[in-house]
Amino acid sequence: MRLKRHIIKVGRVLIPRRLIIALLPLLLQAGYMHAQNFKASASQNTVGVGQQFQVNYSIDAQAGGFRAPSFSGFDVYSGPNESSSIQFINGSVSQTLSISFILAAKQEGTFTIDGASIESGGKTLTSNSLLIKVVKGSAPSQPAQAQQQGGGSGQQTTALAGDAKKNLFIRIIPDKTKVYQGQQLLLTVKIFSRMNLQNLDNANFPDYNGFYSQDITPKNQQIIPSKEVYNGVTYMTAVLKQAIVFPQHTGVLKIDPASVDCTVAEKVKANNIFDAFFGGSYRNVKYSIKSDPIAITVLPLPETKKPFSGAVGQYSIKGTLDRTNVKANDAVNLTISVTGSGNLKLIDTLPVKFPPDFDHYDPKIADHFSATASGISGTRTFNYLLIPRSEGHYKIPSEEFTYFDPEKKGYVSLAIPEFAIDVAKGDNTGAVSLNNGTNKEDVKMLGQDIRYLHTGRVPAVPADTIFLYSLPFYAGMGLPVLAFLILAFARRKYIAMNSDQVAVRKRGATRMAKKRLKAAYGFMNSGNKAAFYAEIHSALMKYLSDKFTIPLSELSREKITEELEKKNIKDENIASLMAALDNCEFARYAPSNAAGNLNQVYESAMKLITELHEPPRA
């Protein structure tokens, strides 16, 4: 038994094992001298655009110094992948070296893959060339014939694209496929795999055209795989991106596909017993996978006779007044908070009416939001600074805040509380008295709005001057009446101007836009590009919303263009505005790629608002 372990049977001859090992180099050299056939073959000669196929180069001799062709017109997804084998057949020894590539064609046509070269036995060998026909769509898998002089069939390989579609794919998963305009929905981009996934690269996500979007994917998040059953099959899955989106238009809105490049370790078939014993070898193959587009049906909101705030979701509202007993010219703070879940960021005004004797400006808005897979929720707070100018008993009347609740499929109205303020007589200086928490800058302009009558002493008239029926006498009698009439007219005009909230918003649109641009200027000086572009975009959109009295939720590119054309705005100004909005959108969703001269963007936005404020006359 011991002797048999040292003897190998070759054909009908028993040869000692040590002798074979000693003669192996000579046997291999003899084999190499008789066979130096270097050939190329393709798994398919007809392929579709983007369809993956394999090109293989093989030589049955010891070789090195392989040089691949340029593969012009093709993308190289994997390669060179090298494998070798040694065989003993009826006393003959042969070695085969194989080098393979995974390719995909870029466009239709007929292409020639030039021959590769390799060094063997002191000579440079060149393989045959390959003729590949590329057609539109997907070509069926078929064994390709090796294109070489002397004929012979090429090596047949299994098309990898079919396996990838079954075992590796990406999906965009909405939590709802039918929503109302302005209703939030969650989109999840998820990858499914039953393959040995090694790496992900070049991920491209949709732009969500027609939606206002909020990315909720944490920065630098780690992709954590988990098991999931889909269509009865267990996959390893991972979430690549999540976003909350709000549809801005009705109808069927399409969300474009997402794509990602995947590197997969695939097992190479063992060519001999030794490779099989040690588990075989692997090669990395690159796949480019793309999801299917999805469609979201967006339903229009029902008609309503009540003033609609544009809010869609579920909300509650409360208000507080810091003081109810003040003197004239004392500052008062009114705070109204809207809390809930939905499109909170699109709530920019509240239906609040103030007494005519109160000075006030647009509120300060403070946000406390959280964005999770459950949606966007939190509180938007409106803080109004009020200056009562005359003594008396005043009321800020209760108003209704109306929003649409998708779960109830109807409108809900919430009452903003009524507030009563008792104003006592103040001093005659007109100076604004501040209470705790009131910013001096907030009332700087308010204190300059209304000038009061001079209360100083009038110079005395000399005793020898006859005053009765003189010009100063008539002037003194008529001026108070004239002043009263002027003040009464100015007061009525002031009340009329401020009773129309739409007109107030229009008049204040440019001033508020420039105020918001000042905030963007601060971000520019601090180098905060993301905040700068977000503030520029907000200033332009809110300016247009105020200028044309269109709710932000209904403000689209088509609507903006239509309104500007009605105002006879120049085409170049409209194009500049659209370009500015596009640049800001790109910078908001790809802050790492944000570029450009920030000062130039700021000056351009300021110029656009100024030119739109005074449109050319027809």
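1. In this predicted model, Val 252 stands opposite Thr 297 of strand β23. The two strands concerned, β20 and β23 (residues 294–299), run antiparallel and are joined by five bridges. They belong to an open sheet of three strands, ordered β14-β23-β20, in which the pairing is mixed. At the edges of this sheet stand β14 (178–180) and β20 (251–255), and because each has a single partner strand, one side of each is left without a neighbour in the sheet. From one strand to the next, the twist averages 35 degrees.

2. The pairing of β25 with β33 (residues 419–424) is parallel and rests on three bridges; within it, Asn 325 has Asp 422 of β33 as its bridge partner.

3. Strand β5 (residues 52–59) deserves a separate remark, since eight of its eight residues are buried. Gln 52, Gln 54, Asn 56 and Ser 58 point one way from the strand, whereas Phe 53, Val 55, Tyr 57 and Ile 59 point the other way, and all of these residues are buried. Strand β3 (residues 38–42) pairs with β5 in the antiparallel sense over five bridges, and in this pairing Ala 42 stands opposite Val 55.

4. Is Thr 402 buried or exposed? Its relative accessibility is 1%, and Thr 402 therefore counts as buried, the cut-off being under 20%. Its side chain is joined to that of Ser 413 by a polar contact of 3.1 Å. Once the neighbours within four places in sequence are set aside, Thr 402 is in contact with Lys 306, Pro 307, Phe 308 and Ser 309, and also with Tyr 411, Val 412 and Ser 413.

5. For Leu 564, when residues up to four places away in sequence are not counted, the residues touched are Phe 548, Ile 569, Ile 574, Leu 577 and Leu 612.

6. Some values for the chain as a whole complete the note. The secondary structure of the protein chain comes to nine helices and 33 strands, and 38% of its 618 residues are buried. Of the contacts between residues at least 6 apart in sequence, 71% join residues at least 24 apart. The accessible surface of the protein chain comes to about 35,800 Å², and carbon and sulfur atoms account for 53% of that surface.

Notes:
Residues are numbered from 1 along each chain as its sequence is written. This is a predicted model: local features need pLDDT of at least 70, side-chain atom pairs count only at pLDDT 80 or more; totals for chains, interfaces and linings use all residues. Side-chain values use heavy atoms; hydrogens and water are left out. Contact means heavy atoms within 4.5 Å. Buried means under 20% relative accessible area, exposed over 50%, partly exposed in between (1.4 Å probe, protein chains only). A polar contact is a pair of N or O atoms within 3.5 Å; within protein, one must be able to donate a hydrogen and the other to accept it, and residues adjacent in sequence count only if both atoms are side-chain atoms. Helices (H or I, at least four residues) and strands (E, at least two) are DSSP runs, numbered from the N terminus. Accessible areas come from the Shrake-Rupley method with a 1.4 Å probe; for residues, only the protein chains shown count as cover. Two strands pair if DSSP finds at least two bridges between them. Axes are lines fitted to C-alpha atoms, for helices over the stretch in contact, and angles run from 0 to 180 degrees between N-to-C directions.
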